[in-house]
Amino acid sequence: MSLVTTPTSQLATCVACHGIRVTRITMTLTDGSVVDFASCHSCEHKTWTQQGTGLDVSDVLRKAQKIKV
Ligand SMILES: [Zn+2]
C-alpha cells in the first residue's frame, strides 16, 4: 500500500478532536457556492466552510437544494 503525498496546504486538523485523519474535499453546490467539506475519521466530526467561514449543515442543504430537479 502506498500513501499519496498531500501538500502541506491541504492538511487539515479536526476542530473537535485535533486529529489529523481528516479528509478535505472542495465541492461546488447547486447555487454556485464553492465549499470545503472536512470529515474526521477519528471522531466523525464534519465541517463545512466557505471561503474560510464556517457553514451550518442547514446552510449547505439550502444551497444544495436551491435548484429543483
Ligand atoms: Zn475529530
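Biologist: What relative accessible area does Ile25 have?
Modeller: This is a predicted model in which local features need pLDDT of at least 70 and side-chain atom pairs count only at pLDDT 80 or more, while totals for chains, interfaces and linings use all residues. Residues are numbered from 1 along each chain as its sequence is written, and side-chain values use heavy atoms, with hydrogens and water left out. Buried means under 20% relative accessible area, exposed over 50% and partly exposed in between, with a 1.4 Å probe and protein chains only. Ile25 falls in the partly exposed class, as its relative accessible area is 40%.

Biologist: Which residues does Ile25 touch, not counting those up to four places away in sequence?
Modeller: Ile25 sits in strand E1; strands (E, at least two residues) and helices (H or I, at least four) are DSSP runs, numbered from the N terminus. Contact means heavy atoms within 4.5 Å. Not counting residues up to four places away, Ile25 touches Val35, Asp36 and Phe37.

Biologist: In what order do the four strands stand in the sheet?
Modeller: Along the sequence the chain reads β-β-β-β-α, which comes to one helix and four strands. Two strands pair if DSSP finds at least two bridges between them. The sheet is open, its pairing is antiparallel, and the order is E1-E2-E3-E4.

Biologist: Which strands stand at the edges of this sheet?
Modeller: An edge strand here has a single partner strand, so one side of it is left without a neighbour in the sheet. Neighbouring strands of the sheet are turned by 30 degrees against each other on average, direction ignored. The edge strands are E1 and E4 (53–55).

Biologist: What angle does helix H1 make with E4?
Modeller: Helix H1 (residues 57–64) packs on the sheet, touching E3 (46–50) and E4. Axes are lines fitted to C-alpha atoms, for helices over the stretch in contact, and angles run from 0 to 180 degrees between N-to-C directions. With E4, the direction of H1 makes an angle of about 80 degrees.

Biologist: Which residue in E4 is the bridge partner of Thr49?
Modeller: The bridges can be followed across the strands. E1 and E2 (residues 34–40) pair over seven bridges, and Thr26 has Asp36 as its partner in E2. E2 and E3 pair over four bridges, with Asp36 bridged to Thr49 in E3. E3 and E4 pair over three bridges, and in E4 the partner of Thr49 is Gly54.

Biologist: Which residue takes a positive phi in the hairpin of E3 and E4?
Modeller: The hairpin of E2 and E3 has five residues between the strands, and there Glu44 takes a positive phi near 70 degrees. The hairpin of E3 and E4 has two residues between the strands, and a positive phi near 50 degrees is taken there by Gln51.

Biologist: Is Leu55 buried or exposed?
Modeller: Leu55 lies in strand E4. Apart from neighbours within four places in sequence, its contacts are Val35, Trp48, Thr49, Gln50, Val60 and Lys63. Its relative accessibility is 17%, so Leu55 counts as buried.

Biologist: What geometry does the site of the zinc ion have?
Modeller: Donors are N, O and S atoms within 2.8 Å of the metal (3.2 Å for Na, K and Ca); water is not among the atoms, so sites may look incomplete. The SG atoms of Cys14, Cys17, Cys40 and Cys43 coordinate the zinc ion at 2.2 to 2.3 Å, with the spacing C-x2-C-x22-C-x2-C along the chain. Four donors count as tetrahedral if all angles lie between 85 and 135 degrees. The angles among these four donor atoms are 105 to 114 degrees, and the site is tetrahedral.

Biologist: What is the relative accessible area of Cys17?
Modeller: Cys17 is in the segment before strand E1 (22–28). Leaving aside neighbours within four places in sequence, Cys17 is in contact with Cys40, Ser42 and Cys43. Cys14 counts as buried at 4% relative accessibility, whereas Cys17 is partly exposed, with a relative accessible area of 34%.

Note on methods: Tetrahedral: all angles 85-135°; square planar, octahedral: opposite > 155°, others 65-115°.
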